[in-house]
Amino acid sequence: MSGPESPVRTIVAFLVLVVLCSGSWFVFDPPQRSHETRTNPARLEAQALRRGTLELPERLHDTALHEGRAYNVFQPGQTLFYLGHDLIGADLEATAPREIFAIFVLTTFLLYGALLRLTHGRSVVSLALTISMMFGAPYFVNLRPAMDGAPWRLNHVFTVLFTVAALFILARGTKTRDLLGAGLFIGAAMMFRLQSVLLLALPMMLMAQDPRPGRRVGSLLVFPVLALLMVLGFQAARFGTPFETGYMLIYEGRSDTLALRAAEHGLMSWRFLPENLWRTFLAIPVPRFEEGAFAGLTLDGRGNSLLFSQPILLLGLLGLRTPRSARLSTFVVVAALTSMPVLLHHNPGWHAPGYMRMALDYLPVWIAATALALSTATAPWTSRAAVVLAGSALAYGWYLL
């Protein structure tokens, strides 16, 4: 196992992230961005909540039609985000883009810290993985519309933050305080993307490997249970039952491709697995030529291969060449588990040309598993390869931006 690198490298890696985040400030220009909320159903739901109802004033895209009324279908985290701003009288158009950019910066450094722990102090590898995840597609490309108020994108920004925070804690251990903290952040992630409940498998499996006293499952579950009750409460208030998600109801009166797919096979089906696997691993952008000269890439609106946008993940295969620890196996299993809802979903992330937006549901865990695999990789070229592949991800992310 490789030991930690010199403190100088760790400091330099930290400074590189500072420079990249500072440069991103000028790329996105948060002070000049306007956070549009008139077409955000979570924002409208927050305003309705202050009037004592959850009914939206009008039906928007991807809102549910239930008994002749329009309702938001997203988990309540984003609604509470907007409600909090309303209660303190904040100017959302001015403050939200800055806040979302601050979340991006916080997530970047939390991820770097988590990966440093998982790689046992390999700063260069941790830096490369962080750059690939945070400054490549899909995250970096997803950030701009999130800052502009797109509800689908904003949910991902919050979920990635809380997922990374949970990984940061679990990379340290599974003592009671760790489990409580991890449970807090997993519960918070569930408030934005309910499938984040699958992340609970990670601390549970890690606890099973170290069944010493003090690893109380109750500490882990208290916040996820509270989050689940809140989600179910919102669903009951919207649709009369906590067991109606409303997602099928968004296709009432629609005849587009997604509506037809859902009507024929349901929201989730094994029938979607072959296409989603192909898009996740094999589909790549197609070069476009005009008059014999390269004119760019033809990007599929349903998303292109995650391995094309995040080739650094291929380095995780190095873990197969060494004796795998139970910890690495656990991360690999949970990475696969968190991928399944997306791989079985009728919508692989359309309206995300060239990248796979929904990969953000599982990409942080894939990156963490890759970090663990590289923690035992002793080949001298490993760090250099990680840097080159991170650069490739960064270049592609900026190309899409």
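The largest pocket of this predicted model holds about 760 Å³ of space. A pocket here is an open set of points on a 1 Å grid over the protein atoms alone, with protein on both sides within 12 Å along at least five of seven lines, where a 1.4 Å probe fits; lining residues have an atom within 4 Å of a point. The volume is the space filled by probe spheres set on the points, which are joined across faces, edges and corners.

Local features need pLDDT of at least 70 and side-chain atom pairs pLDDT 80 or more, while totals for chains, interfaces and linings use all residues. Residues are numbered from 1 along each chain as its sequence is written, and side-chain values use heavy atoms, without hydrogens and water.

The lining of the largest pocket consists of 32 residues, and R193, Q195, Y247, H345 and M358 lie nearest the centre. By class it has 16 nonpolar residues, ten polar and six charged. Helices α7 (151–170), α10 (217–239) and α14 each contribute at least two lining residues; helices are DSSP runs (H or I, at least four residues), numbered from the N terminus. Helix α14 spans residues 326–343 and includes V333. V333 has a relative accessible area of 44% and is partly exposed, a class between buried (under 20%) and exposed (over 50%), with a 1.4 Å probe and protein chains only. The C-alpha atoms of V333 and M205 are 9.6 Å apart in space, although the two residues are 128 apart in sequence.

Turning to the aromatic side chains, the whole structure has 20 aromatic pairs. Rings of Phe, Tyr and Trp (its six-membered ring) pair if their centres lie within 6.5 Å, and planes under 30 degrees apart count as stacked, over 60 as edge-to-face and the rest as tilted. Two of these pairs are tabulated.

| Pair | Centre to centre | Angle between planes | Type |
|---|---|---|---|
| F81 and Y82 | 5.3 Å | 65° | edge-to-face |
| F308 and Y396 | 5.0 Å | 85° | edge-to-face |

F81 is buried at 13% relative accessibility, and Y82 is buried at 0%. F308 is partly exposed at 31%, whereas Y396 is buried at 6%. Because F308 lies in helix α13 (residues 306–309) and Y396 in helix α16 (residues 382–400), their pair ties together parts that are 88 residues apart in sequence.

One aromatic cluster is formed by W25, F28, F101, F104, F135, Y139, F140 and W398. Elsewhere, the charged end of R117 sits over the ring of F168, 4.0 Å from its centre; the criterion is NZ of Lys or CZ of Arg within 6 Å of the ring centre and within 35 degrees of the ring normal.

Note on methods: Nonpolar A, V, L, I, M, F, W, Y, C, P; charged D, E, K, R; others polar.
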